[in-house]
Amino acid sequence: KEITVREALNSALDEEMSADPSVFLMGEEVGEYQGAYKISKGLLDKYGPDRVLDTPITEAGFTGIGVGAAYHGLRPIVEFMTFNFSMQAIDHIINSAAKSNYMSAGQISVPIVFRGPNGAAAGVGAQHSQCYAAWYAHVPGLKVLAPYSAEDARGLLKAAIRDPDPVVFLENELLYGESFPVSDEVLDSSFCLPIGKAKIERQGKDVTITAFSKMVGYALQAADILAKEGISAEVINLRSIRPLDRATINASVRKTNRLVTVEEGFPQHGIGAEICMSVVEDSFEYLDAPVERIAGADVPMPYAANLERMAVPQVDDIVRAAKRACYRVVPMAATA
Amino acid sequence: KEITVREALNSALDEEMSADPSVFLMGEEVGEYQGAYKISKGLLDKYGPDRVLDTPITEAGFTGIGVGAAYHGLRPIVEFMTFNFSMQAIDHIINSAAKSNYMSAGQISVPIVFRGPNGAAAGVGAQHSQCYAAWYAHVPGLKVLAPYSAEDARGLLKAAIRDPDPVVFLENELLYGESFPVSDEVLDSSFCLPIGKAKIERQGKDVTITAFSKMVGYALQAADILAKEGISAEVINLRSIRPLDRATINASVRKTNRLVTVEEGFPQHGIGAEICMSVVEDSFEYLDAPVERIAGADVPMPYAANLERMAVPQVDDIVRAAKRACYRVVPMAATA
Amino acid sequence: LRTALAVSSDVLAGNKAAQATPAHPAVTREEALELYEDMVLGRIFEDMCAQMYYRGKMFGFVHLYNGQEAVSTGFIKLLNQADCVVSTYRDHVHALSKGVPPRSVMAELFGKATGCCRGQGGSMHMFSAPHNLIGGFAFIGEGIPVATGAAFAAKYRHEVLKESGPDGLDVTLAFFGDGTCNNGQFFECLNMAQLWKLPIVFVVENNLWAIGMSHLRATSDPEIYKKGPAFGMPGVHVDGMDVLKVREVAKEAIERARRGEGPTLVECETYRFRGHSLADPDELRKPDEKTHYAARDPITALKKYIIEQNLATEPELKSIEKNIDNVVEEAVEFADASPHPPRSQLLENVFADPKGFGIGPDGKYRCEDPKFTQGTAQV
Amino acid sequence: LRTALAVSSDVLAGNKAAQATPAHPAVTREEALELYEDMVLGRIFEDMCAQMYYRGKMFGFVHLYNGQEAVSTGFIKLLNQADCVVSTYRDHVHALSKGVPPRSVMAELFGKATGCCRGQGGSMHMFSAPHNLIGGFAFIGEGIPVATGAAFAAKYRHEVLKESGPDGLDVTLAFFGDGTCNNGQFFECLNMAQLWKLPIVFVVENNLWAIGMSHLRATSDPEIYKKGPAFGMPGVHVDGMDVLKVREVAKEAIERARRGEGPTLVECETYRFRGHSLADPDELRKPDEKTHYAARDPITALKKYIIEQNLATEPELKSIEKNIDNVVEEAVEFADASPHPPRSQLLENVFADPKGFGIGPDGKYRCEDPKFTQGTAQV
Ligand SMILES: Cc1ncc(C[n+]2csc(CCOP(=O)(O)OP(=O)(O)O)c2C)c(N)n1
Ligand SMILES: Cc1ncc(C[n+]2csc(CCOP(=O)(O)OP(=O)(O)O)c2C)c(N)n1
Ligand SMILES: [Mg+2]
Ligand SMILES: [Mg+2]
């Protein structure tokens, strides 16, 4: 059986709201409009306007309200129409949500989920295309998840909603409509994935490729191409950016001795940098080649389709990087 | 001659305001109060309330106003009472300031400086102690500077004010009162430091220590201690976090073959991670030991003085890390 | 939906009963035709955008302005070149009214190198420095402080730098929607603009909906213009489907700003004739509401007025329409024939001064280095 | 500074002339003594904090409440345990009024393990879950949405979860200053609280200054209570130096919230008798302004009233003061004698469920791993 990521998210919301009346959904257009991307389809009809709350356009205000509700016994799910808009609310995500359990010495836990599409979409320009994974994963007190498949989306969202701590849940608009095969287990309402565990999507022995969200699909495509050329790539779907599953990453690198990191976001202080650091810290002697970082171009996202394509990693870039890591012979000119 | 960092900043502001009437200072308490930390002392008297503008407490609003003024021919300097408060304005720093030159294809440049104390102070708790270096340095379109000494403060602030692009200028409250020797050249009103160049504060041959802001002083103290034990440490004061001076860092590591990175901020996706990545990318074969990262504890800043001290790097931590990098023999138990 | 239709409310007198709507103000033939032409340009341009979007010529979110033309035209046609306009994601028509050539806007929408931002900005981010169109801002509220800052700069340039002309201050218009008036940045700027008497007009295009959120469901007191007096600022409500009424209110507010007397908040009651963006199924707005406002089409209304007042004949107006058809056709041809941005553009314009962007190991600026976008898309 | 001193303004009637100040309302002896005791506790506690700060027992920013006691006492003493208080960095006295033991607050300020947040929060971040004191928020504006969210939760628990008691809704009080009323989050929350009829009271402690920024220099229309009606909400101005007047207004607003009739905005005109924080040189406020308000000391005023009304004798009040002296002394002794937080505390409480924080290479939770703070301070 196959379901789309949208269906996975929608069913996860539905099941968790039905299981726990203190769970509610709030944000712009989540109710009558059923979500800007229809993730909350049908929920208003089923749970009514008290539990599916359309808010005025006040990211700072409604996010703070969500956090306050979480302080006081509820389990809010705050939808950002895109995570870009969370910049207007980031004070509450960091100060009011992430730091309060610590500041209050465990008296005030903050069971809240911040979710919505993150990163590049298509043709939406510089303001709507940023990836916030590295920013949020920088901050203690937050758990940061990034699903790729329908299984990830269901299992991680249900875990996030049940978790007693603030979770930043980074979806990807371009994946909403993608279908993935799912097992009966995944469809069971008790299904849940552990927070903090990566998934090895494909076993391999020559090179490790780490990726999250949409880039997992690209990494898998790259692995197919590499396989035809005799390179066996292991693809790790990070699933959790914070905590980062250093154990799984390091175990893989200790086997393959080579690492390519892939992300759509900006390179500096990004996910790749941290993964590189953790491998250097834990498995330095196992590395047979420099870590190859594939990231978004270090520029605001351009609008024009051809420039936009150049600004985000393509499957070919991953293939080339993996080859560089394996042979270390690709001359500079060829990559430029 | 010695001057404090406070005097360095104050004189830089004064000289640049006097040189260019389109430069003005805005923020909370910058005028009549002369700055929460007295950085703008005397400027209201000298330049009047049109050019030293006290704003209502509206970080989002006044930062956006600063950006709009920069669009339209002025060169604003926006003071944040601390950079923590810039979270309420971050949408304007990222979208309205950093991305506009690109979005407008170079039509709208944004000559603005965002400045104020950043990172841990003393006893001010979790909300007032965060370091924003990694967040801002993640984003294309921003230049991110972090002075350590009075020379840095003067030279970099003057460079930032004259620069046609948005600059995030990260000061440190605990350094304001510190005095540093300065040359006549530094005191000359034409003095300016290049953006994007690190400074080798101390030459060495056994291990490279990178640091910025207050941690440069700690790294220098650590180098003194290490020298007594026969380890010659090269200390790099980063000065510019974005662009990061990869050339200077890599040249040093190619000489010493060992690297310790020091920062007060949170480790994940921090400055150390990026420095590690850039050395792995450019000088992998020169590294004789894993990169050692010293960072703030991965927790919100606690209030209690003893916990606070444990939450930020101390000189001893740097010494130990350098030794680990040099000998690779410190057993795990001894570091725990 | 609303009863208050006062053209002007008096702050000092408080919440007095709405004044009676005055008779249509006189316009000259030239003025009337300029307004008509501008509104028709806005309409035809946007209709063409819809076609081009469905043909895959433009991408992402495209927000059309149909129905609201009286606001853009009524306000912007009163401005000088040196005056500023700050818009939102719904910015094409504000750009056109401010004088940005239709071909530059269309080419931008096509993502071509001849666009007003060389294809780097896109539909939601129109800029044209020569026209002082200083941005389409895609985030709610963002444009309001930026506009306030531009007005601050105008005042500063006048008073500190002694730069501006003899007529008074350059004026900034900030355009935004009803939904945006719930956002904190709106209120922060009402306060500061009034406190500092900045030359700005806050123009609310109240089209009754924010995507699928009805204004009445979003706002505890839906009369937006009343927020002005709460900050000591004049607040005016005007029929945004009547370009002449808009123009009259606009003239007063702009002149007030230009004289240095400070800001005005103007709420224009209007309606969008299409969905929120071209991706919006538009299922929540009731048919009778749509019909009601369709009957108040501002272009039809102006046409009727022009003919009734004998300012021009039907054929003359037709020929204007024809002319605009050609202009828009030509814009499409131009955009279509224009080149895509070259690869090198990807790395340009990140900074005005890329020197600051660091010096590579080879002594060259990093931005000139092919590894500038290290590890990425292999440009 | 102000002329309007209306105890209550009527939204529906619009900006009517301020009503005449009513005569002091009656209180019982027990009530009067409770109020007196709470205000004296606030005062003596804060004076002790100043001493302790100068002796190096507490650190960072310490913001004292002297002069404003009538507000905390007048409002919070009307609450039940289940009602919530949200405060700012100036939060010690709100905590005390809500019932947090003085020794817990003092120990927190000393950074001791026996503090109400085990020394992890500090002066600006007081929390006490059992007392529903849900935070001191150090950032301007931050507490307002959080408080609004607590009120939302109270309503939700009443209506959706059917949890709350028979008297009605649990009420949340949000305390904040005049300077904060220029911040966007204030307005965003006035709108949503009114739109959703949340059980909250927005209590503005207008002490005329935001650090060194005079309210009149910061706010285009300085009458803060009038912002209520602009959002369809009752806005009330009250003399914040008179605890009985505050209490009367508070009672009405709290009961209104409890009955489900929605929020109220209350502006309390008050004054702080010390600098903004203990680090503030306090050079900008004029001596005659300070003298003016010193003469209106709310504690002296209540004392006078109690004696005039024969509710208690001077010796009785003295003995209350004496008692409080002892309580505060004892709090200091307790705090001083308490242990510093152990090292292990550094890593605790980052999460309620640290399981989620990842599993280390050894199969143990990372948070139990000494390398948890990898590369850092060698805990
Ligand atoms: C900060 C932020 N939040 C949410 C959005 C998504 N969004 C785009 S347009 C819009 C509705 C705006 O309504 P209104 O202000 O009435 O303007 P209109 O579109 O009707 O012209 C929303 C919520 C956004 N662009 N920015
Ligand atoms: C977002 C933010 N900006 C700035 C500050 C610094 N700050 C702390 S208190 C204060 C003044 C607040 O004045 P007011 O709201 O009147 O409260 P009061 O201190 O008078 O009680 C300021 C600007 C802050 N804490 N948070
Ligand atoms: Mg609208
Ligand atoms: Mg105040």
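The model discussed here is predicted.

Ligand 2 itself lies between chains B and D.

## Contact of chains A and D

Chain D contributes 45 residues to its contact with chain A, and chain A likewise contributes 45 residues. On the side of chain D that touches chain A, the elements giving two or more residues are strand 2 (133-137), helix 5 (143-159) and helix 6 (184-195) of chain D. Helix 5 of chain D gives the most to that side, with twelve residues.

The composition of the side of chain D that touches chain A is 24 nonpolar, 14 polar and seven charged residues.

## Relation of chains A and B

Chain A is superposed on chain B by a rotation of 180°, with 0.0 Å of shift along the axis and an RMSD of 0.0 Å. This is therefore the relation of a two-fold axis. The same surface serves both copies, in that 100% of the contact residues of chain A recur in chain B.

## Nonpolar core

The largest nonpolar core has 500 residues, of which A:Ile209, A:Ala322, B:Ile209 and B:Ala322 touch the most other members.

Which residues does A:Ala322 touch, leaving aside residues up to four places away in sequence? The partners of A:Ala322 are A:Val207, A:Ile209, A:Ala222, A:Leu226, A:Ile231, A:Ala233 and A:Val260. A:Ile209, one of these partners, is also among the core residues that touch the most other members.

## Overall form of chain A

Chain A contains 14 helices and 14 strands. Taken along the principal axes, the box filled by the C-alpha atoms of chain A is roughly 60 × 45 × 40 Å. A compact globule of 336 residues would have a radius of gyration near 20 Å, and chain A, with 20 Å, agrees with this.

Of the 336 residues of chain A, 74% count as buried. Considering contacts in chain A between residues at least 6 apart in sequence, 78% join residues at least 24 apart.

How values were computed
Residues are numbered from 1 along each chain as its sequence is written. Chains are lettered from A and ligands numbered from 1 in the order in which they are written. This is a predicted model: local features need pLDDT of at least 70, side-chain atom pairs count only at pLDDT 80 or more; totals for chains, interfaces and linings use all residues. A residue is near a molecule or strand if its C-beta atom, placed from the backbone, lies within 6 Å of it. Two residues are in contact if their C-beta atoms, placed from the backbone, lie within 7 Å. Helices (H or I, at least four residues) and strands (E, at least two) are DSSP runs, numbered from the N terminus. Ala, Val, Leu, Ile, Met, Phe, Trp, Tyr, Cys and Pro count as nonpolar, Asp, Glu, Lys and Arg as charged, and the others, Gly among them, as polar. Copies are superposed by least squares on the C-alpha atoms of residues with pLDDT of at least 70 in both. A nonpolar core is a set of buried Ala, Val, Leu, Ile, Met, Phe, Trp, Tyr and Cys residues joined through C-beta atoms within 7 Å. A residue is buried if 20 or more other C-beta atoms lie within 10 Å of its own, exposed if 12 or fewer, and partly exposed in between; C-beta atoms are placed from the backbone. The radius of gyration is taken over C-alpha atoms; the globule rule is 2.2 Å times the number of residues to the power 0.38.
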